[in-house]
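Me: Please take a close look at one part of this model for me. I would like to know about the pocket and what lines it, with the terms explained as you go.

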Amino acid sequence: YHLKVEDEFDIVYNNFLGNGRDVGEAHRAFMDWEDIRNQIIDLKVSGKELTAKKMVDGMAANHLNKLKEKTKVLTDFAENKADSSYKEASEMHNATLFWFTIISVIIVLFCIVITYVISDSISRPIKNYIYKAQAIYQGQGHGSVKRISEESLLNHSITELTETYTKLQN
């Protein structure tokens, strides 16, 4: 039992993020309590149960409370450290999520702008050609008064192109 407790204190001492003196004080309190515990066991084995009981109720209880206080310092520090680490991790998560959202929105807006620019650069010359062709078709040189659909205009243009090509062939 003693070796196991010593191993546990070694682990705590090597990994405790707080003041190492707190671990040392808790370890000393355990050692003091262990001496008293061994005395009580010896008294009980030797048949001095009344003396052992008085020791349990008196000195042993006081040392046990002291041991609890010293280990509470360690567990309170560990709990506070865990709470602090969790709070920091939560804040970092929220900040990362915020910036991820902002960057995603910027990327989406940038993609929309690029799509609009590319679409406009493709469709603008086609629209200009259709409007000029429509004006010529209607016998006007500067635009149209009556609008016809682009599909009808393209069909008519293809028909006239075919007729003109056929006339040139003959």
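Reply: Helix H4 gives the most to the lining of the largest pocket, with six residues. Helices here are DSSP runs of H or I of at least four residues, strands are runs of E of at least two, and both are numbered from the N terminus. The model is predicted, so to speak of local features requires pLDDT of at least 70, and side-chain atom pairs count only at pLDDT 80 or more, while totals for chains, interfaces and linings use all residues. Residues are numbered from 1 along each chain as its sequence is written, and side-chain values use heavy atoms, without hydrogens and water.

Now the pocket itself. The largest pocket has a volume of about 200 Å³. Ten residues line the largest pocket, and the closest to its centre are Tyr-129, Ala-133, Ser-157, Ile-158 and Glu-160. Two elements give two or more residues to this lining: helix H3 (49-137) and helix H4 (150-169).

What counts as a pocket? On a 1 Å grid over the protein atoms alone, a pocket is an open set of points where a 1.4 Å probe fits, with protein on both sides within 12 Å along at least five of seven lines. Lining residues have an atom within 4 Å of a point. Grid points are joined across faces, edges and corners, and the volume is the space filled by probe spheres set on the points.

The lining divides into seven nonpolar residues, two polar and one charged. Ala, Val, Leu, Ile, Met, Phe, Trp, Tyr, Cys and Pro count as nonpolar; Asp, Glu, Lys and Arg count as charged; the others, Gly among them, are polar.

Step back to the whole chain. The protein has four helices and zero strands. Its pattern along the sequence is α-α-α-α. The C-alpha atoms fill a box of roughly 135 × 30 × 25 Å, taken along the principal axes. Of the 170 residues, 14% count as buried (under 20% relative accessible area; exposed is over 50%, partly exposed in between, with a 1.4 Å probe and protein chains only).

Helix H3 also holds Phe-110. Phe-110 counts as exposed because its relative accessibility is 54%. Phe-110 and Asp-22 are 88 residues apart in sequence and 57 Å apart in space, C-alpha to C-alpha.

Asp-32 sits in helix H2 (residues 20-45). Asp-32 is partly exposed, with a relative accessible area of 31%. Leaving out residues up to four places away in sequence, Asp-32 touches His-63 and Lys-66. Contact means heavy atoms within 4.5 Å.
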